[in-house]
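Biologist: Could you walk me through how to read a structure like this one? I'd like the general idea each time, then the case in hand.

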Amino acid sequence: MPKKGKKTKIPLSDEEQLLLFQQRLLAEEEAAKKKERLLTQFLKDKLAKEEHNSVLNLNKINTQWRTVLREVKTRELHKDIEILSQTFERVVDCKDSVIKSLAKDLTEAEEQYAHALRSHLHNVDQLLALQRRRLSLLEENYNMELEVLTKEFETERI
C-alpha cells in the first residue's frame, strides 16, 4: 500500500507546464491587482482620514488663533478704556475748575451789582433829598412872595 502523505510526481508535458505557468501568472496578476486595489483603498482611506484630521486641526488652530486675537483685542480695549477714562477725568476736572471759576465770577459780579445798586440807591436818595430841599426852599420863597404880594395887595386895597 502506498503511503498516504506522499504524492508521486508525474512529469508534466510542455503544454501542461505552460498552462500551469499561465495559471500561476494569472493568479499572481490577480493577486497583484487585488493587492493594488487593497493598497489603493487603504491609501484612499488614509487620505480621507488625513483630510478629515486636517480640517479638524485647522478648526482647532483657528479657534486658538481667535482666542489669542480676542485676548489681544481685549487688552487693547482695556488700554483704550483706561486712556479714555483718564482723558475724561482730566476734561471733567478742567470743566469743574471752569465752573468753579464762573461761580466765583458770578458771585463777584453779584456783589458788584449789589454794591452798584446800593450806591445808585444812595445817590438817588441824596438827589431826592436835594430836590426836596430845593422844593421846600422854592415853596418857602413862593409863600414869602405870596405873603408879600398879599400884604401889598391888602395895603393897596385899603
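**Reading the chain**

Modeller: Let's start with the record: in an unreviewed entry, UniProt annotates residues 26-124 as "domain: Dynein regulatory complex protein 1/2 N-terminal". UniProt positions follow the numbering used here, feature names are shortened, and annotations may be inferred rather than shown by experiment. This is a predicted model, where local features need pLDDT of at least 70 and side-chain atom pairs count only at pLDDT 80 or more, while totals for chains, interfaces and linings use all residues. Residues are numbered from 1 along each chain as its sequence is written, and side-chain values use heavy atoms, with hydrogens and water left out.

Biologist: How many helices and strands does the chain have?

Modeller: Helices (H or I, at least four residues) and strands (E, at least two) are DSSP runs, numbered from the N terminus. Here we get 1 helix and 0 strands. The chain's radius of gyration is 64 Å, well over the 15 Å from the globule rule for 158 residues, so the chain is more spread out than a compact globule. That radius is taken over C-alpha atoms, and the rule is 2.2 Å times the number of residues to the power 0.38. Along the principal axes, the C-alpha atoms fill a box of roughly 215 × 30 × 25 Å.

Biologist: And what is the make-up of residues 26-124?

Modeller: That stretch is 100% helix and 0% strand, with its end C-alpha atoms 140 Å apart.

Biologist: What percentage of the residues is buried?

Modeller: We call a residue buried under 20% relative accessible area, exposed over 50%, and partly exposed in between (1.4 Å probe, protein chains only). Buried residues make up 0% of the 158 in this chain.

Biologist: How many salt bridges does a search of the whole structure find?

Modeller: The cut-off is a side-chain nitrogen of Lys or Arg within 4 Å of a carboxyl oxygen of Asp or Glu. The search of the whole structure finds 2. One joins E29 and K33 at 3.8 Å, N to O; they sit 4 residues apart in helix 1 (residues 14-157), about one turn of the helix. Another joins R157 and E154 at 3.7 Å, N to O, and these residues are 3 apart in helix 1, again about one helical turn.
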